[in-house]
Amino acid sequence: MFLAKKIRLRPSEEQEKQLWKSVGTARFIYNWTLNKQEENYKNSGKFISDGILRKEITQLKKSELSWLNDVSNNVAKQAVKDACNAYKRFFKGLADKPKFKRRKTSKPSFYNDNEKLKVKKNSVLIEKVGWVRTAEQVPMDCHYTNPRISFNGKYWYLSVGVEQVQQPIELTDGTIIKNINKTAKVRKLEKRLQRLQRSVSRKYEQNKEGNRFVKTSNIVKQEKQIRLLHRKLMNIRMNHLHQATSKIVKTKPSTIVMEHLNVKGMLRNKHLSKAIAQQKLYEFKRQIQYKCEKYGVQFIEADKWFPSSKMCSGCGCVKKQLSLSERTYKCEECSLEIDRDFNASINLSRYKSVI
Ligand SMILES: [Zn+2]
């Protein structure tokens, strides 16, 4: 599981000079590589491998490009790779011809070897720059991928992929959050609402003058009651939703995996449409997402095609058909019998290892 992190750096003045040197080197080598590739292409129509170019740089470092020794070897190495990759993509027709990086318009950035990136409390070791203070803690005890240092015109940043080494604990505990629409209170209000709606439409019919509907003061009164009831029901549902989503996120799981909800598809099923609309699934997802962000929990939405319901959480086999009326999942392969939703939630909790 990878997380992309971008953390502000607080380099000293001395360190900043060194950072600029690395930026300059990365840009120089990138342009040098593009130039080499272009020349070579003009002459032979071929592509030079990055290994050959790197060897050439090693030679140049001994003579005319000795200043390259001031910065980490990996900065140049990666700049060659980046330029070669950009050129390869152009060769394959996947991208436009790569442009030369200009001092004024290109984004100042360079690579730091991931093996050499060391982290301690509120600081990070950048090659040939030293321990640079960070505005927040870079995650420790994990693998790093593709660390890049960049400058946005005001601040320096470290962008890095962070892989959590420790296996996340599965927290599928079978907790079920009640369906608010099935509580006595909501049902009673729904009934009252229905009665009022029927009564109003009857009154409209009774007071019809020719083809024209007339609003009597009684109708006005009842329509107001209907509006208030709608409001009340909505408040109850929203309140329940907020409580439920907070309860889920506040258990502080490392990850929340949510089933991909094909809401449009479900709404086409007329038996389900009302129930789905009431459950406010989009709103549920929205709340979970922003609360996850607030509490630092990773949010994953499972792929549309992930068979969370049709897969057996015991043996992994996938059923071809599973009707909505089958509330208990019965596996024909390993004879597991389990609540349908619980089975799906176990599958979802393992989703990250599937992708
Ligand atoms: Zn099974």
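Strands 8 and 9 run parallel and are joined by four bridges; two strands pair if DSSP finds at least two bridges between them. Helices (H or I, at least four residues) and strands (E, at least two) are DSSP runs, numbered from the N terminus. The model is predicted: local features need pLDDT of at least 70, side-chain atom pairs count only at pLDDT 80 or more, and totals for chains, interfaces and linings use all residues. Residues are numbered from 1 along each chain as its sequence is written, and side-chain values use heavy atoms, with hydrogens and water left out.

The bridge partner of T255 in strand 9 is Q298. The side chains of Q298 and T255 are also joined by a polar contact of 3.4 Å (a pair of N or O atoms within 3.5 Å; within protein, one must be able to donate a hydrogen and the other to accept it, and residues adjacent in sequence count only if both atoms are side-chain atoms). In strand 8 (residues 255-258), T255 and V257 point one way, I256 and M258 point the other way, and all are buried. Buried means under 20% relative accessible area, exposed over 50%, and partly exposed in between (1.4 Å probe, protein chains only).

**Zinc site**

The zinc ion is coordinated at 2.3 Å by the SG atoms of C312, C315, C331 and C334. Donors are N, O and S atoms within 2.8 Å of the metal (3.2 Å for Na, K and Ca); water is not among the atoms, so sites may look incomplete. The donors follow the spacing C-x2-C-x15-C-x2-C along the chain. C312, in the loop between strand 9 (298-301) and strand 10 (328-330), and C331, in the loop between strand 10 and strand 11 (337-339), are 19 residues apart and link distant parts of the chain. Both C312 and C331 are buried. The site is tetrahedral, with angles of 107 to 112° among its four donor atoms; four donors count as tetrahedral if all angles lie between 85 and 135 degrees. The ideal angle for four tetrahedral donors is 109.5 degrees.

The count of disulfides is zero, a disulfide being a pair of cysteine sulfur atoms within 2.5 Å.

**Helix 2**

L53 lies in helix 2 (residues 50-62). Not counting residues up to four places away in sequence, L53 touches W32, T33, K36, Q37, I48, V80 and C84, where contact means heavy atoms within 4.5 Å.

**Accessibility of selected residues**

| Residue | Relative accessible area | Class |
|---|---|---|
| L53 | 1% | buried |
| C84 | 1% | buried |
| Q298 | 17% | buried |
| C315 | 37% | partly exposed |

Notes:
Tetrahedral: all angles 85-135°; square planar, octahedral: opposite > 155°, others 65-115°.
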